[in-house]
Amino acid sequence: MSLDRLRAHRRALHRIPERGLLEFKTKAYLLSVLEPLGPDRLDQLGDTALRAVFFCGRPGAKTLAFRADMDALPVREETGLPFCSEHEGFMHACGHDGHMALLLTFCEYVAAHRDELGCNVVALFQPGEENYLGARDFVRRGALEAPRVDEVYGGHLMPSLPLGSVGLSAGPVMAGNLSIALRVRGVSAHGASPQNGVDGVLAACQALVAIQAALSRLDPTQPCLASFGSIHGGSVRNALAEEVVADGVMRYYDQAHRDAMLRAMERAAQGAAGALGATAELWRDEKEYPPVINDEACVRKAAALLEGRVAQTAQMISEDFSCYLNQRPGCFAFIGCGQEGRTSPLHSSRFDFDEAALLPMLQLYIRLSRQA
């Protein structure tokens, strides 16, 4: 029966993918399921964020939160599924439909077995995980308060792990993510007379090479990565570019090392550009995904209740679940969904999974909720 409910919810949600912070049809579907369950509280913390609270009635009981992300990606679906996206150009290509189906089915269990609960249960349906840092705003609006959450749990579908397994480990499991930009300024001049200007393109190229060299000389025991995926400068082919901007992202696990990376990159860029007479500035976005670091005690607790557990290999991808873990202890698991015939990676237009992959996490959530 649980698998039937997981499939029904996942497939209904898969049909209506929506951009982050605009998940209004998704919210309507969630409410249509949650309201009849009669949660003790059903809070709308923002335009699309939802929080359902189920009290166990036990004095002094802990409160555990469980989170699902809601938003989809601007990807044109190519799965050919009979329940494929009805919103052209958008798709649940990262499995958030599965995450919501998992939490909805869990809520249905909680509502039907309140007398068996050992803790209060808070279900967090969070908008805007993909590039919007929706968890930060959800926390600021009180997602973890009234009742005060003691521990928080979540998971993400992972096609690199086999179906039926769950990856779970203590410590850092997903990297921090910070958007950056390198701005290099030269002096425009005719391309036939470069001596009259400063070549912004050449200076930017040298600065980018210097950045990668500088990062290679930092503490080798600390994972770090800076990738620049976009570069723009100049307006005509026969003149030196006055300004060049390269946009990128850096990933890290330790915030002190992040600061060392920023200093090293800016110093290297300024030196390389300055040698050619240009100036360089490294800009950083204030919207930052911290690293996901699982609490050791919560991992031990979950692992004792989990079947099919495998080691969780740390990833350089990021997740704003870290915003909850910065406030409360908890853990974030990888939900194995890899199987023959379903090998497309996350964010692919062909990503798909068997809803049976969600059953081990559903069992874990149920067992956690029954503990006093």
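User: In which strand is Arg-251 found?

Analyst: In this predicted model, Arg-251 is found in strand β10, which covers residues 243-252.

User: What makes Arg-251 a charged residue without a salt bridge?

Analyst: A salt bridge requires a side-chain nitrogen of Lys or Arg within 4 Å of a carboxyl oxygen of Asp or Glu. For the buried Arg-251, the nearest side chain of opposite charge is that of Glu-129, 9.1 Å away.

User: Which side chain makes a polar contact with the side chain of Arg-251, and which residues does Arg-251 touch?

Analyst: The polar contact is with the side chain of Ser-318, at 3.0 Å; the limit for such a pair is 3.5 Å, so the value qualifies. Beyond four places in sequence, the residues that Arg-251 touches include Ala-175, Gly-176, Asn-177, Pro-223, Cys-224 and Met-261.

User: How do you know that the span of helix α5 agrees with its number of residues?

Analyst: Helix α5 runs over residues 200-215 and has 16 residues, which should span 22 Å at 1.5 Å a residue. The C-alpha atoms at its ends are 22 Å apart, so the two values agree.

User: What caps the N-terminal end of α5?

Analyst: Asp-199 is the cap, with a side-chain oxygen 3.0 Å from the backbone nitrogen of Val-201.

User: Where does a side-chain oxygen of Asp-254 reach, and how does the span of α6 compare with what is expected?

Analyst: At the start of α6, that oxygen of Asp-254 comes to within 3.1 Å of the backbone nitrogen of Ala-256. Helix α6 has 20 residues, and its 28 Å from first to last C-alpha is close to the expected 28 Å. Its buried residues include His-257, Arg-258, Met-261, Leu-262 and Met-265, and their cover includes β8, α5, β9, β10 and β11.

User: Why is the pair of Asp-97 and Arg-10 called a salt bridge?

Analyst: The N to O distance between their side chains is 3.0 Å; because the cut-off is 4 Å, the pair qualifies. It links distant parts of the chain, with Asp-97 in helix α3 and Arg-10 in helix α1, 87 residues apart. The structure holds 31 salt bridges.

User: Why are Asp-97 and Arg-10 called buried?

Analyst: Buried means under 20% relative accessible area. Asp-97 has 0% and Arg-10 has 1%, so each counts as buried.

User: What makes Arg-370 and Glu-116 a salt bridge?

Analyst: Their closest N and O atoms are 2.3 Å apart, and because the limit is 4 Å, the pair counts. Arg-370 lies in helix α9 and Glu-116 in the loop between α3 and β4, 254 residues apart. Arg-370 is partly exposed at 43%, as is Glu-116 at 31%.

User: Which residues do salt bridges with shared partners join into one network?

Analyst: The network consists of Arg-7, Arg-10, Arg-11, Asp-97, Arg-342, Asp-352, Asp-354 and Glu-355.

User: Why is His-9 called buried, and which side chain does it join in a polar contact?

Analyst: His-9, in helix α1, has a relative accessible area of 1%, so it falls under the 20% limit. A polar contact of 2.8 Å joins its side chain to that of Tyr-29.

How values were computed. Residues numbered from 1 in each chain as written. Predicted model: local features only at pLDDT ≥ 70, side-chain atom pairs only at ≥ 80, totals over all residues. Heavy atoms only, no water. Helix = DSSP H or I, 4+ residues; strand = E, 2+ residues; numbered from the N terminus. Buried < 20%, exposed > 50% of the residue type's maximum accessible area, 1.4 Å probe, protein only. Lys, Arg positive; Asp, Glu negative; His and termini not counted. Polar contact = N/O pair within 3.5 Å; in protein donor to acceptor, adjacent residues only side chain to side chain. Contact = heavy atoms within 4.5 Å. Expected span 1.5 Å × (residues − 1).
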